[in-house]
Every structure is written in C-alpha cells, then in structure tokens.
Amino acid sequence: MSTSTSPVAFATTRWTLVFQTGGGDAPAQRALEELCRIYWKPLYAYVRRRGYARADAEDLTQDFFARLLQRHDFAAGLDAGNGCFRAFLLALLKHHLANARDHDSRQKRGGGIPALSLNWADAESLLERIGDTAPAPDAAFDHGWALALLECVLERLREEWECKGKAVLFDVIKVFLTPERADASYADAAHRAGVDEGTLRVAAHRLRRRYRELLKEEIAQTVKDSAMVDEELRALMQAFH
Amino acid sequence: MSTTTTPTSDNSPRQSPLDGLDPAGLLRQAAADATATGTTEASAQAFIPPSPEALAALFPQFDILALLGKGGMGAVYKVRQKALDRIAALKILPREIGDNPALATQFTREARALAQLNHPGIVTLYEFGETSGLFFFLMEFVDGMTLHRLLDNGRIAPRDALAIVPQICDALQYAHDHGVVHRDIKPENILLDKQGRVKIADFGLVKLVRSLAAPESSPAAASSTATLILQDGHILGTPAYMAPEQREHPATVDHRTDIYALGVVFYQMLTGELPGRPLQVPSGKVAIDVRLDEVVLRALESQPDRRYQHASDVKTRIEEITGSAAGSEKSTKPKRKSFFEEWYHLGAWKLLTYGALPVALISVPIILWQTSRIMNLSTAIINRADVASPEASTPPAESELYKAALANAEENLRKVKNRHAAGHAPQSAVYEAEDFLAFLKARNSGSLEEAKVKLAANERDIAIAKKQVAGGLISASSLHELETRRSVILWDIERLQKTTTGTPATAAPAEQTLQPDSGDNEALAKATTDWLAFVDAGESLESHVRASAHFRQKVPAAEWQAMLASSRKLLGETLSRKLKSRVTVKRLPNLPDGEYNIAIFESSFSNTKNAVETVTFSRESDGVWRAVGYYVR
C-alpha cells in the first residue's frame, strides 16, 4: 500500500484531474486508483456501520471500487461532492448501496478492472480504532477518512526519513508530532536515539514542519482547489469532536 | 473471488503508522499552523493570528477571551488564567519565528532577563514558554489604549506629550539599568492605561525574536512603521524609529538606540508627523517651547555619542523646561523607590521562592500574592515552613522541617518537569525548581567550615559577576541572585557559630524566645484579632493607621489599599481562622532588634479554603504591639 511520491509542485491535484476529465483518460484513471488506495478503508467502515456483516461489506466495497474504476455511476456523485473527493465518494457509495439492495451485487463483480489490493483485516482494524467515538455511519466515514489520510502522510514521512537513513530517529521523535505529548521529554528521546538534545530538537522541528507540508499536500490532492484545504482540515477535525 | 481484484491473503492487520499518536492532536498540529502561518508556499503572506478557538486547544489553562491585536511579531489575546481568575494578555509569536527549538535555550535566557524587569512603567511578564513549537508570553493586561491609537488623529497636546515622555524615560532608565534594551520603541508598544499611566510593552522582544528567527522563514518586510523582518528571518526593528546604527549594525546596538527612538516618538507626539529629511524642528511646525526642539534634536543625533546618554537625562531636561515654566514640582515629588522596587532590588523575592527560610520570609513587612511563578513553585514548601517557623533556629540537617522541604522540592521538580514535558510549564519553571532543590541541598551541610567555604566561593562569584555585569555580559539579576545567596549563607554562619561556640542547640530557642507575661499575651491576642478584623473588612486605612511605623514607612497607604483590595478579591470572605502557633523572638533579619511576635493561623476563605496566614507584630516604643508583617498563603 505504498503511495507514490508525488512531485512537490503538483500543479494539478489528483482529484482535479479526475474531476475535469470525468475520470476518462489514463492519467486520470491512475489518479483515481491512487486515491482509492488511500481511502478505501473508510468506505468499508461506512458499509459496516450501516449494519452489513463482514462478508457482505467486503463484497459491497469491492464491487463499489470495481464499478467506480470502470466509471459506472460516476456522474451521480460528481455534483454531490461539491469539489471535495471525500464527499463525492460518500455520495457515490450511498447511491451504490441503494442500488445494491435491488440487485445481487455478487453477480456483477470483476471484468477487466484494474487491480486494487485490499487487506480486509486492515479495514477491520481501522473500524476498531474508530470505535465508539463515531457511532453514526457518516461520522465513522469521516473519522476513518482522517485516519487514512494521517496514515498516508506518516508513511510518506517515514519513507522520506528512511531514505535519509534516519528511520530509527523518526520512530523516536514522531511522538513530538502531536501538540500534547504527555510524558515525552526531549532529553529522554535524545538518549534513546543516541543523539544530543539539541540535534533532536532540531530534528523534531523539521519533522513537524515537513509533516504539516505533507498533510496539506495530501489534503490538496482530494479537493478541487487549494483554497479548500483549510476547510477540509477543519471538517476532518470535526470528526473528532 | 475476482481474479483481477486481489485481496491479500494475509488476514492480519498491519501495524498502523499512527501507532501511539493521537489523530486529533495530529490534525490540530496542522490546523494551528494553517491558522498561524499558512503553508510554506504562503509564508510570504502576512501573519494570520490563530482564532481564539484554535488557540484554546493549545492553552487549556486559559479562557481565550478576545484577540486584542496583531502585528509582525505576533498576536495578542485577552485571556483569563483559570487557576488564578486573573485577566492577562497572551502574546504568541508567529510559528515561523518561534518554531526553532534549537534556540529555545537562548530564548529562555533572554526571557528570564525580561522577567526580572519589574517596574510600573513596564508591562510585567508573568510567564513565557513554548507549546507545540509556539512561543508565548503571558503578560500583565493593560486596560487602555496604545499611543499609536492616541496619535491616530495626528499630534497630541504638548501638555500630554510632556506628561507621557518622562514616564517613558523612567521605564527605559530602569530597563537600561538592568541591562535590557528595548530596541523597538514605537507608539504601538507604548500603552496608556485609563489613568494615563504609561506602560511599555515588548521589552527586548526584537532581540529575543531575532534569537529565534529561523533562517528558512521569510515573512515579508512591511511598511516603515511595522516591525522589519528581513528575508533571512532577522528582525531589526521598525524603520521609522530605528537609529542609524541599528540599521547598520543591529547586533551591536546599546541603550542609546532607545533614546533615538524616544526622540522620534516625542517628535511625532508634538508634530503629528515622523521626522523628515531635512529635519524640521518641532517649533517650526507647532507652537511649543523652543527649548523642546533641543531635547528632540539631541535625542535624534545620528551619532550615539552626541545623544543624551541616559533616558533619565531626557526626563531631567524636560522637567527643567516645564518646571521653569510652571513652577518646580520637584520638591513635592520625593523620589522614593516603591516598596516592590526595593523588594526586588533586595532580591528578596528569591527568598520567598526559596521558601524554606521562614524567618527571612516573615522579616519582609508584607507579602501578598506575588507572581504566579512563586505561587506555583513553592506553595507546599512555604506552607510547611510557615507552620513550623518556631523551629527555624534548629540546624537544617536535623530538622524534620528541612526533610519535608527537601521532599517537597523533589516532588515539585518532578511535577514541574512533567508539566513542562506536557507543554504546560515553561522551561524556566524547571530551571527554577532545579535551582531551588540544589539550593536546599546545599544548605544541608551543617558545618561552619563548609559554610565558610561556600561564602568564599560565593564572594568570588560575586566579584566575577560584578565585572561581567559592568561589561554587559550578564544581566544584573544574576548578581542579585548571588547576593541573595550571600545573605543566606551569612545567616547560616551566624546560626552555626552560635551552635558551635558552645550554646546548646536546645537553648537557642529559649534564648530567642521571650516569655511574655499574661498581660502581654492578652494584649497580643487582642491586637491581632482587632487588626485582622480591619483587614477582613477591607478597611485599608484603619488597618494601615494601626500598623507599625516600620510597616507604614515601607508600604504607603495607597499601595496597601491596592494590595488589600486585590488580595481580598482573590481570597474572598474570611470563613474561619485558627491560631496554629505563636512565638516571640528578639531578632528578625532586616529589622532592628526588638520584640517581635509571629502568629500563624490556619485560615479558610470563601475562595481559598486552606490558607496559612502569618501575622507579625512588633512592640513599639510606646509598648503597644502593632502589625509589622502580614503574609497569606
């Protein structure tokens, strides 16, 4: 589930690419696949919270992606999304579930769709992590979305540090990414990482800065224009209230 | 299963990279940045202050009441400190300036120097620190307006200007005496409260922020009246108010750069305009005493050597001019340092911080609700110390009190460290807690020889520190600290000499304690009850008149009134008061030998349930017991 390392100056976001072409051409197709790789788990979480059993939810989710990547039902969601991929996907999923009640979705799977590797255990574990904090299906979806986004960002961040040969340091200092870092002390962390405290503080500072950049970059991939990034971030924070 | 969609056969979930991290916190980390600075591409945009809601997440200890204003160097919010129910001003620095932890130590050092400034004309710094990379200052809240606002409509009446400038001079002189240069004097930083009193804000902030400025940050330089931040992140000052040497060699400026800026502000007050080129004298623009031209021009000299050399010189010259015009007021204004000024000069607040010194505590005529720092640091210790003050003459090593204090100090240090790690306490609090513990431990040695060695070392340190202060290498506060320690060591030596020269330790209290006759006991009890009744009723004048001469001399009635009013507000109504101990001694530090009676009460107030009140009475020459000290904790 590794994500491609996108160029820093990503002139067109993945979602604008999909949006503009209706997902029609090859680059748009790749962009859509990429987005689905990151955000399929919240969709599964939503379906589960709608009351479907694991096996059914797995089928419905898989079928949904098959249809999405083949651009079935595509137009139904485009307007509903209002320029936001998250809202688009949820609208489309709801539409899909409504249709699925009338048909046996199991009969429709497959047929030349691109490969999408889905680890259902991962998705279940996401659902567990959402837990009781977001009981409603819509809230669980947003909550799960935020987790998926953060996982993606942290993976990218770790890859970057790994490339610099600093994976160990990364694992020690990532605790400084959150504003409330409980008992974390720079001195202790420095001791564990085997560097002096000043070095560690600088590293933590750089990590935070890079983290903020990456997070915004990733959010920007899912909205129509970059002016919507802060709005989307606020919306995701709402999921934790 | 479809052959083209390929669910992985592995049914165990991978470990999430979020493992152990709070997702809501991660989002907030980014959100704080979104509101504070924008993204890196947007760093050239103006500083956007966080909304009060965004800030509330970072500062749970405050109610964020309103955004008061913002500038190139941060934003200021009106907040309520929940624990103290105190209104304060919270200043946060733009994240791009503050977020460089490598320089946190330097920040701490600078900020500590600022925290030493205690002057009615300077906005008091309560606290400073860093929360998730965001540097903040908690300051005195001034209910009023900035001089900038006052100058919105152009010039102000010369009479008003002449009332304001000397106050600025006083504050500057005080800061300069303490080795602190403001570096960014301008109307925005000069606050006027509702009584027209001047309070200068952001002392030394420019230098401090420069110490933090990360080279990668690049906020845009703004207009001539906004603080200038260069592309490399260095902050210089505000162009219109900057002395020539500050533009050319910003790192090496001294206090005379403030005098130049003061000249610009003075010019602006008199004429409503900034001085232009060529410089037109103020009296050429408005009808004022031509002698004021000389003051302004001299302050504006481009060569620092040709300016007034001290802020106090500017004030003196203005007073000479105004005095000769409207009869000298000088004689009616005795130059007496305020009590708190003296108190701080003595370094006595350190003694309060090192609260295991009950006698030293009580010797101070009055201590009421000092800064939050002191309250936080030594609450428990002072409590214990107070209750047990009759044991004060026992050598510390053998004293249960000492052990308790040591345990408290260790516990305190642990708590402060945790709070600091959680971002709720500044680094300085940790330093202070460490210092305090080290100080207590150092006192553990009960031997006279060791005390003498300590004294010699201390005196050597003082001698070095004096040279360093003279050379501008360290701030005067460090010297104060050393001198405070010296007085404590001397006190130790005096006590130890007593025990080693054959006076039995058990005899010491007997020698110290007088045996007041029953009439005295009654008189004392009545005096205490009566006096506290006035205090309880908030009768500041009655309680002042009935206090000892020493007390009245140290604390003028108005000051006492203000202290009493603020402390009563914090404490609320008196619910109960129980006498815990009473002791009479002959001698208290910093007071003439005589008869002193120290009464310690366990008291309960509507807002503070478990308080300890210490009331010290002295028998005056007419034989009447009168209050000489009062301390609530």
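## Terms and basis

Two strands are said to pair if DSSP finds at least two bridges between them. Helices and strands are themselves DSSP runs, numbered from the N terminus. The model is predicted.

## Chain B in outline

Chain B contains 25 helices and 15 strands. Of its 633 residues, 41% are buried. Among the contacts in chain B with a separation of 6 or more, 62% are between residues 24 or more positions apart.

## A hairpin and its neighbouring strand

Strand 13 (residues 596–605) of chain B is joined to strand 14 of chain B by a hairpin through five residues. These two strands run antiparallel and are linked by eight bridges, strand 14 covering residues 611–619. Within this pairing, B:Ile600 has B:Thr614 in strand 14 of chain B as its bridge partner.

Strand 13 of chain B also pairs with strand 12 (residues 574–585) of chain B, again in the antiparallel sense, through ten bridges. Here B:Glu602 in strand 13 of chain B stands opposite B:Lys578.

## An open sheet of three strands

Elsewhere in chain B, three strands form an open sheet in the order 6-7-8, with antiparallel pairing. Its edges are strand 6 (144–146) and strand 8 (198–200) of chain B, each of which pairs on one side only. On average, neighbouring strands of this sheet are turned by 30° against each other, direction ignored.

Three bridges hold the antiparallel pairing of strand 7 (residues 190–193) with strand 8 of chain B. One of the residues involved is B:Leu192, whose bridge partner in strand 8 of chain B is B:Val198. Helix 6 (residues 158–177) of chain B lies across strand 7 and strand 8 of chain B, and runs at about 40° to strand 8.

## Helix 9 of chain B

How does the span of helix 9 (residues 256–271) of chain B compare with what its 16 residues should give, and what are the two values? At 1.5 Å a residue the helix should span 22 Å, and its end C-alpha atoms are 23 Å apart, which agrees. Helix 9 of chain B is mostly covered, with 16 of its 16 residues buried. After the helix comes B:Gly272, which has a positive phi, near 80°.

## Nonpolar cores

The largest nonpolar core has 74 residues, and those that touch the most other members are B:Leu90, B:Ile168, B:Ile200, B:Leu262, B:Phe266 and B:Ala299. At least three residues of this core come from each of domain 1 (28–140) and domain 2 (144–332) of chain B. Leaving aside residues up to four places away in sequence, B:Leu90 touches B:Phe62, B:Val76, B:Tyr77, B:Val79, B:Phe136 and B:Leu138. A second, separate core of 71 residues includes A:Ala31, A:Phe65, A:Leu90 and A:Phe176.

## A residue of chain A

Helix 9 (residues 186–193) of chain A contains A:Asp188. A residue with 20 or more other C-beta atoms within 10 Å counts as buried, and one with 12 or fewer as exposed. A:Asp188 has 14 such atoms within 10 Å, and is therefore partly exposed. Its C-alpha atom is separated by 9.8 Å from that of A:Val172, which is 16 residues apart from A:Asp188 along the chain.

Technical notes:
Residues numbered from 1 in each chain as written. Chains lettered and ligands numbered in written order. Predicted model: local features only at pLDDT ≥ 70, side-chain atom pairs only at ≥ 80, totals over all residues. Helix = DSSP H or I, 4+ residues; strand = E, 2+ residues; numbered from the N terminus. Expected span 1.5 Å × (residues − 1). Contact = placed C-beta atoms within 7 Å. Axes fitted to C-alpha atoms, helices over the stretch in contact; angles between N-to-C directions. Core = buried A, V, L, I, M, F, W, Y, C linked by C-beta atoms within 7 Å. Domains from an automatic or database assignment.
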